[in-house]
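Here are some quick notes for your first look at this one. Have the model open beside you and take the points in order.

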Amino acid sequence: MKYLVSACLAGESCRYDGTHCADPLYVDMKNRGEALPVCPELLGGLGIPRSPCEIRNGRVISIDGDDRTEAFMKGAEHTVRLAREEGAVCAVLKNNSPSCGFGSVYDGTFTGKLVPGLGVAAEALSREGLFLFNDTGFTAAQTVRLRKIREKEYDRLVAVSTESFLSDSLTHSPCGAGGPEGFDSVEWHREASGRGRLLVITYNNELAGGLFVTLKPDKTGWINRIFVRSDLRGKGIGRRVFFLLEQKYSSIREWGLDTPDWAHHNQRFYESMGYKKTREIYSKEAGFYLVVLKKRCILPKGKLKS
Ligand code: SF4
């Protein structure tokens with residue numbers, strides 16, 4: 001099964017107070033057999049009802065002050081085991097939970113305050129190499145598509161590339177406004193589509209960005225370039241694109257890319273999807289170092305990573 005999904009999202013009454021937070025999207029995925037519902041807290045041996053818990057100083061503490069870390073760890077291990085058995089490549093997880101939270105969790109004060117972070121099961125699944133989404137991110141990015149560029153789209157794609165790189169460099173680069181070779185050139189993009197795969201990213205059927213990748217016979221792939229319109233950032237589009245890319249070219253066993261050493265925001269984003277820094281190289285042309293990151297993809301079901 002391709003997806004794991006937090007069981008409460010799929011309509012199972014497994015929350016601490018015996019309720020659920022069903023979303024029709026995830027209930028449908030479960031009913032169609034696309035998603036396996038899992039509740040790490042129940043898998044860890046906790047019952048219904050149970051005291052709400054939050055993460056504080058690396059421990060999971062109940063509102064009554066009991067330390068529940070062990071049960072949460074056990075539930076996380078069990079969840080990872082199920083993911084392996086099912087050959088799952090992606091998990092859609094309930095926002096903010098001390099088990100399932102991805103991106104943010106409650107801060108341990110039981111006052112409703114959120115801090116950036118991962119729940120215990122989310123962290124374990126991420127280490128395992130699964131693609132993680134929180135429910136709001138996955139829902140928002142549902143209409144993202146990836147397809148080959150059409151002849152009439154070059155001008156529009158280059159306008160998007162130009163806007164995206166200029167806006168990103170103006171915000172983050174110490175070198176001022178600019179972009180990689182050919183970022184504002186129709187000719188460069190036409191030539192690129194001849195030596196690799198130039199793909200268009202659409203969101204709600206509108207052109208939202210582009211992706212240029214090359215695939216090698218040794219089953220490795222290189223992401224030469226990805227860009228998304230600045231007004232569409234923060235909607236989970238980039239994460240969804242990387243997931244779709246791995247699905248589209250599922251024979252690729254390792255993906256690689258590079259990014260400027262000053263682009264810490266990009267590095268954090270890639271690392272959150274399982275990419276790891278492998279080296280730095282100096283680019284004479286650009287005048288700064290590039291950080292190279294790579295990701296080993298999950299093997300098909302039955303061939304688990306050692
Ligand atoms: Fe939902 Fe996850 Fe909490 Fe279970 S542990 S109730 S699946 S958020």
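Predicted model: local features only at pLDDT ≥ 70, side-chain atom pairs only at ≥ 80, totals over all residues.

1. Is Leu43 buried or exposed, or something in between? Its relative accessibility is 24%, so Leu43 counts as partly exposed. Setting aside neighbours within four places in sequence, Leu43 has contacts with Val38, Gly75, His78, Thr79 and Leu82. For a sense of scale, Leu43 and Phe242 are 199 residues apart along the chain, and their C-alpha atoms are separated by 30 Å.

2. Next, have a look at the ligand. It has 14 residues around it, and the closest are Ala7, Cys8, Cys39, Glu41 and Cys100. What is the make-up of that shell? Seven of its residues are nonpolar, three polar and four charged. The ligand takes up the space of the second largest pocket.

3. On to the nonpolar cores. The largest one has 40 residues, and Ile201, Leu211, Ile223, Phe242, Leu245, Trp255 and Tyr275 have the most contacts inside it. Helix H8 (residues 237-248) gives this core its largest share, five residues. There is also a second, separate core of 24 residues, with Leu46, Cys53, Cys100 and Phe102 among them. As background, nonpolar side chains tend to be buried together in soluble globular proteins.

4. Now for Met273, in the loop that runs between helix H9 (264-271) and strand E14 (276-283). Why call Met273 buried? Because its relative accessible area is 2%, and buried means under 20%. Beyond residues up to four places away in sequence, Met273 touches Phe131, Arg239, Phe242 and Lys295. From Met273 to Ala159 is 28 Å, C-alpha to C-alpha, with the two 114 residues apart in sequence.

5. Last, check Arg229, placed in the loop between strand E12 (220-228) and H8. Arg229 has 12% relative accessibility and therefore counts as buried. Its contacts, leaving out residues up to four places away in sequence, are Arg156, Val160, Glu163, Glu206, Leu207 and Ala208.

Definitions and conventions. Residues numbered from 1 in each chain as written. Heavy atoms only, no water. Near = heavy atom within 4 Å. 1 Å grid on protein atoms, 1.4 Å probe; cavity = no way out; pocket = protein on both sides within 12 Å on 5 of 7 lines; lining within 4 Å. Sits in = over half its atoms within 2 Å of the grid points. Nonpolar A, V, L, I, M, F, W, Y, C, P; charged D, E, K, R; others polar. Helix = DSSP H or I, 4+ residues; strand = E, 2+ residues; numbered from the N terminus. Buried < 20%, exposed > 50% of the residue type's maximum accessible area, 1.4 Å probe, protein only. Contact = heavy atoms within 4.5 Å. Core = buried A, V, L, I, M, F, W, Y, C linked by side-chain atoms within 4.5 Å.
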